[in-house]
Amino acid sequence: MLGDLLELSCLLTRRYHSKEMAEAELAEQQHVTRMWIVFKREFSRRQLLLIDGQLHDPQRALFNPSVVDLAAKLVQYKEVLDIDRAFTLKKLRTGLLAHFKKYHPSLLEMLQKRLYAPDPSAVGLLYTGPSFTVVNREEAMAVDPIVVTAGKVPVASN
Amino acid sequence: MLTRKHSFMRPNTPHYVLTLEHSITLGRHFYAASTMMETCLAYIHCGILNGAITNTDHPDAQRLLNRILLMSIREYKESNSGAYASQTSSLITAIMTNHNQPLPQARRFREGITVLILKQSRVF
């Protein structure tokens with residue numbers, strides 16, 4: 001949650017939309033975004049998630065859906081309250097699409113679907129996926145390399 | 001609050017400051033891994049409702065959150081042979097949780113704001 005939130009934090013900042021944000025502050029936020037994205041790739045190379053007895057790639061099973069979910073819920077929240085004091089709903093939506101186009105092009109379609117056809121069951125701010133246990137990829141390979149390499153666990157990618 | 005010099009609040013606690021005499025108040029943000037979820041929720045509320053529920057920005061607080069994330073990432077990278085670092089556990093757990101908070105309802109929110117305005121009107 002913290003990583004996804006900080007990645008999208010500029011879009012929740014009034015000074016960003018009014019172009020009052022200092023260049024150094026903007027650079028720092030871009031750095032945090034890049035570091036978070038690199039971390040997710042690195043984590044997915046090293047670890048797997050054990051969900052309901054099956055191993056899953058963290059990028060696809062956790063990181064990708066959670067950032068799309070947060071972005072969609074921010075728009076949903078803004079729509080519900082319709083308060084435009086800091087920035088408009090249109091600015092938030094446009095900003096999120098531009099952000100995903102730049103940093104998560106493969107997730108853009110998924111986000112667009114969520115933005116224009118909201119999930120009625122998504123009633124909370126937080127991502128509520130299944131419970132998981134983190135497993136070291138190397139240890140999982142040592143125990144059962146067939147399961148890990150048989151295509152059940154996709155190769156880590158964004 | 002009147003008899004104490006300090007007051008600590010958990011994150012995501014709605015509040016406003018009211019004093020009977022001219023006063024100087026000083027606020028600080030403290031972040032803890034155990035309450036990071038509430039901190040994130042408060043961040044979202046302040047971001048979406050900026051101007052309606054807060055009268056100031058907190059760029060320094062943002063920097064602290066950035067550092068917490070970057071420090072956690074560094075701890076993870078420096079962990080031995082890719083082992084799952086305990087410091088990262090809270091970070092990952094904070095991403096995905098079954099704890100959920102309903103989206104605010106517009107009518108209830110406006111009622112809340114009205115109550116705050118009426119309280120202030122009575123005092124001043």
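Two strands are said to pair if DSSP finds at least two bridges between them, and helices (H or I, at least four residues) and strands (E, at least two) are themselves DSSP runs, numbered from the N terminus. With these terms, chain A shows an open sheet of three strands in the order β2-β1-β3, with antiparallel pairing. This is a predicted model, in which local features need pLDDT of at least 70 and side-chain atom pairs count only at pLDDT 80 or more, while totals for chains, interfaces and linings use all residues. Residues are numbered from 1 along each chain as its sequence is written, and chains are lettered from A and ligands numbered from 1 in the order in which they are written.

**The sheet of chain A**

- The edge strands are β2 and β3 (133-136) of chain A, each of which pairs on one side only, and neighbouring strands of this sheet are turned by 40° against each other on average, direction ignored.
- Strand β1 (residues 47-51) of chain A is joined to β2(A) by three bridges, and the two run antiparallel; among the partners are A:L49 with A:H56 and A:L50 with A:L55.
- On its other pairing, β1(A) meets β3(A) in the antiparallel sense over four bridges, and A:Q47 has A:N136 as its bridge partner in β3(A).
- The hairpin of β1(A) and β2(A) has two residues between the strands, and in this hairpin A:D52 takes a positive phi near 50°.
- Helix α4 (residues 58-81) of chain A lies across β1 and β2 of chain A and runs at about 85° to β1(A), where axes are lines fitted to C-alpha atoms, for helices over the stretch in contact, and angles run from 0 to 180 degrees between N-to-C directions.

**One residue in the sheet: A:L55**

- A:L55 is found in strand β2 (residues 54-56) of chain A, and it counts as partly exposed because it has 18 C-beta neighbours inside 10 Å; a residue is buried if 20 or more other C-beta atoms lie within 10 Å of its own, exposed if 12 or fewer, and partly exposed in between, with C-beta atoms placed from the backbone.
- Although A:L55 and A:S131 are 76 residues apart in sequence, their C-alpha atoms are 12 Å apart in space.

**The nonpolar core**

- A nonpolar core is a set of buried Ala, Val, Leu, Ile, Met, Phe, Trp, Tyr and Cys residues joined through C-beta atoms within 7 Å, and of the 41 residues in the largest one, A:L5, A:A71, A:L74 and B:C40 touch the most other members.
- Not counting residues up to four places away in sequence, A:L5 touches A:L70, B:C40 and B:Y43.

**Chain B and confidence**

- The secondary structure of chain B comes to four helices and zero strands, and buried residues make up 18% of its 124 residues.
- Chain B averages a pLDDT of 70, with 60% of the residues scoring at least 70, where pLDDT is the predictor's confidence in each residue, from 0 to 100.
- Among the elements of chain B, helix α4 (residues 106-123) has the lowest mean pLDDT (48) and helix α1 (residues 36-48) the highest (87).
- Where pLDDT is low, the predicted coordinates should not be read in detail.
- For the complex, the predictor gives an ipTM of 0.84 and a pTM of 0.79.

How values were computed. Contact = placed C-beta atoms within 7 Å.
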